[in-house]
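Here's a quick tour for anyone new to reading protein models. Take a look at what's shown below, then work through the points.

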Amino acid sequence: MAFNVMEHDMVPEHHLLSEKEADGVLAELRVGREQLPKIKSGDPAIRFLEEVVGEPIAEGRVIKVVRLSATAGVFVAYRVVVER
Amino acid sequence: MMPTPLHGVSKRIQALRFGLLSPDEIRRMSATKIITADTYDDDGFPIDMGLMDLHMGVIEPGLRCKTCGGRVDDCPGHFGHIDLAMPVIHVGYIKEIKTLLQSTCRACGRLLLSREEKQEYLDEMRKSDALAAGGESPRTMEITKQAARDAMKRQVCPHCKADQMKITLDKPTTFREDGHKLTPKEVRERLERMPDEDLRPLGINPDVARPEWMILTVLSVPPVTVRPSITLESGDRSEDDLTHKLVDVLRINQRLRENRDAGAPQLIVEDLWELLQYHVTTYYDNQTSGIPPARHRSGRPLKTLVQRLKGKEGRFRSNLSGKRVNFSARTVISPDPLISINEVGIPYQAARELTVPVHVQAYNQEIVKEWVIRGPKPTGENGEYIPGVNYIIRPDGRRIRVTDKNAETVADAVELGYVVERQLVDGDIVLFNRQPSLHRMSIMAHQVRVMAGKTFRLNLAVCPPYNADFDGDEMNLHVLQSEEARAEAKILMKVQEHILSPRFGGPVIGAIHDHITGAFLMTYKDARFTRDETSYLLSMVGRAGLPKPDMKADGQSYWSGKLLFSTILPEDLTVTFRASIGSRGDEEDAVVRIEKGKIREGVMDENAIGAFKGKLVDRIARDYGTERARQFIDDATRFAIATIMLRGFTTGIDDEDIPQEAKDEIAEVLERAMEEVAGLVEAYKGGELEQMPGRSLEETLEVEAMKKLGRSRDDAGEIASRHLGVENSAVIMARSGARGSMLNLSQMAGSIGQQAVRGERISRGYWKRTLPHFQPEDLGAEAKGFVRSSYKSGLNPTEYFFHSMGGREGLVDTAVRTSRSGYMQRRLINVLEDLKVMEDRTVRNTAKTIIQFRFGEDGVDPMRSIGGEAVDLDDILTGVLGPEALSGAQGAGHAVAGYGAQEKDMVVELEDDSAALSDDAED
Ligand SMILES: [Mg+2]
Ligand SMILES: [Zn+2]
Ligand SMILES: [Zn+2]
């Protein structure tokens, strides 16, 4: 990895949810995976996470994004991984 | 992995394909063949196989369609067809036909390109299409055009070696080959010979568009529903222009067939053939250049197919992009401070035309009958307006116009299930709109007040959201036609529901101009009113009885303006804020302190009741509800108007009069500044100017000169305003926030100051100088756009010129800004229009896909926010701890922070209260 984008100030935290956690989130939001915003599997953040977990992240996995928000302080969003 | 969307609503258009209708297809979709030009028989019944054949749909109630069996509203209409005796050219494809003829061989019908060339073009097209995902790229069209150009250049056929001849087009539809006429039949035969695979390089898909289909052998006839006949009041039928044209086509077609079959001379047949071509051409486009348009007997040109679609009056611009609606009105607007902000004044003429449908029920049957008996133009004993009835609608949908003559008989017929269209009456809910409709406050619901005059009347406090003034502005009005619409408008769209703006969480409706002046005059310092004046003022807001007088002078009792104004405040209102006049300095009344609904000190000005800045409007709307806020704005308006009329108020050029000493003083200040600039220039030229860090010598000079001249303008203004007393009308308006600023005044009385283009002193124009009036390289104040004169004293010619340059830049900027921001806003609207906040507070699109997990991330409705913030800490703290919680008025004057929060704001830190408070207080 030439440059770790996750260390950049403007890049929010990305967390890979376990399937169980993901199902919990989906149940709480009452949505299917296809209704979540998307993130491409080729995204640098995903590639970083793949390095962290040590295996490829499959399409359909759910990513939790935690970022600073101008209005809400800290804001949590979710994204589903899609093919690149 | 990705399953199809759960709700199955989301579909994407991948590509559009255009094709031609083949003669077969036209016959297949035809419900009947049409052979006779007659329309109706003697009984007025549609003739079989005529142009009004019942197979093509019905336009008369009572009849049934012979194709689908439907009645007027159920049958969508069906196409018919006319078999043409001889083929004719479709004008719409004339360009394509020309290209095809010119690029194909006259002998073998092949495209005039070799096999290799053709393959080259096809490969290129495939490549460019591959780049445009899923569709055809615009580049592909370029390639097909190039292929056609190449083929047209060929003199000899690469396949059969036949020599090609020159093909020309005579005005609308006649082709010639080396001067010899080509009949449509010959043209068609040539196009028929083109092999399918030769069409692809030209961008034609032979599966859906064979070129010979551009030459018509069958004419498709549109359903009667597309060209309905209308029955005139005299009982005569009047046919649609399209029907007229089709009648012409049928007649000539018939004669042509007869003559041809009878073996008539070639000349006669050709003439008729050309006539048929003329009729078919004008049937499609009656403005084809090169032929006279077909006309009515009256001389009016017929409106045929192309005319229906094209132009401002065409289907696209007038029916699809924009629609006209009934039950609407438009006229000039004018002000009426005595009606409520919720109301709109409507002229009698408009009220008589605009109607509300009333459904006749058991409970209202009698009264509705009464209305109908009154007729369409009832008046009271003194000629006053009484609502009448224009139409009644029977349960079968028939409308009957109510006239003075038939009113009584029509009223007798009215019974349950009828609908009566009643004219407007006071209290009806209507929508009021002013273009450009840029935000939701551009259309609001008002209550009707029918009144004399010919303009719409509105309260001045609603001018800001509409951005209306009365220099000839016109507005639109729409009368709601259903209970649901009225309920929705009343709850969501009423003016009072829009006092607070969703844009910045503050009021957009409130006092402007004279209302602010009036409130200022009423409440400034010891403004007082006599018994008579007090009665008049209180009567304006509908208060009976006088309060106890609170002032005494010369043995007379007086009522203070502050006392009177307090009568319209909520009784338990306690608030402190800084008045507009107190934005700097700490003079009397600069801080407004209201305790338990009584004004203790402070003047009511823009910061109290103004649109955008009115703290009281804001507070009352938030804490006491929209109805109370409406009441407050209405009352404040009336008080202000009454006060300003009692006292009188005017402004004129003499408001900017200043004594000679002041003028001398200003002249001296300006003179000195200009000399200083001259000194700077000298120092610059002598190389003695000290360079500022990070700037060139030239920039240093410019910055220093701008600073000096700017300061001198301020000084001049300062001197001028010292001599403009607080009693000065212009000063009152500027300080109370009613209109104008102290800068405007100092520019009128003191000096206009430096003119700038692109933020710099003026430097463009002649070689090394701005105007020929100056020496080259003159960098002094006058030569670079400093205007020392005031607006009142007038400008000298060079000053005037520089001032125009600065002014022009301002005009261009606004013009550019509006068009650009308009386009940006439209794109935003198109992107966001069908997103909505769901019950679970997520923002989703029509496919129910999540766009935002919480609206605005904090879930706060900006209209109910406090200047963009979710909670007003100052307000809560004063509420709990009392006014001392904040250090005086400064805390209450807390600036609107909006969404401009920074990262430090995102971290919640627990500190002791006093520290947090003082931090806030400094904002
Ligand atoms: Mg105007
Ligand atoms: Zn039908
Ligand atoms: Zn040939």
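Donors here are N, O and S atoms within 2.8 Å of the metal (3.2 Å for Na, K and Ca), and water is not among the atoms, so sites may look incomplete. Keep in mind that this is a predicted model, where local features need pLDDT of at least 70, side-chain atom pairs count only at pLDDT 80 or more, and totals for chains, interfaces and linings use all residues. Residues are numbered from 1 along each chain as its sequence is written, chains are lettered from A and ligands numbered from 1 in the order in which they are written, and side-chain values use heavy atoms, leaving out hydrogens and water.

- B:Cys108 sits in the loop between α2 (94-102) and α3 (115-131) of chain B, while B:Cys160 is 52 residues away in the loop between α4 (138-153) and β2 (167-170). Helices (H or I, at least four residues) and strands (E, at least two) are DSSP runs, numbered from the N terminus.
- B:Cys108 has 26% relative accessibility, so it counts as partly exposed; B:Cys160, at 35%, is partly exposed too. The cut-offs are under 20% relative accessible area for buried, over 50% for exposed, and partly exposed in between (1.4 Å probe, protein chains only).

**Zinc ion (ligand 2)**

- This zinc ion is coordinated by B:Cys65 (SG), B:Cys68 (SG), B:Cys75 (SG) and B:His78 (NE2), at 2.0 to 2.3 Å.
- Its site is tetrahedral as well, with angles of 106 to 112° among the four donor atoms.
- The donor spacing reads C-x2-C-x6-C-x2-H.
- B:Cys68 is partly exposed at 39% relative accessibility, whereas B:His78 is buried at 15%.

**Aromatic rings**

- Over all chains there are eleven aromatic pairs. Rings of Phe, Tyr and Trp (its six-membered ring) pair if their centres lie within 6.5 Å; planes under 30 degrees apart count as stacked, over 60 as edge-to-face and the rest as tilted.
- A:Tyr78 and B:Phe853 have ring centres 5.6 Å apart and planes at 75°, so they pair edge-to-face.
- That pair crosses between chains, from strand β4 (residues 73-82) of chain A to the loop between β30 and α26 of chain B.
- A:Tyr78 is buried at 15% relative accessibility, and B:Phe853 is buried at 9%.

Methods: Tetrahedral: all angles 85-135°; square planar, octahedral: opposite > 155°, others 65-115°.
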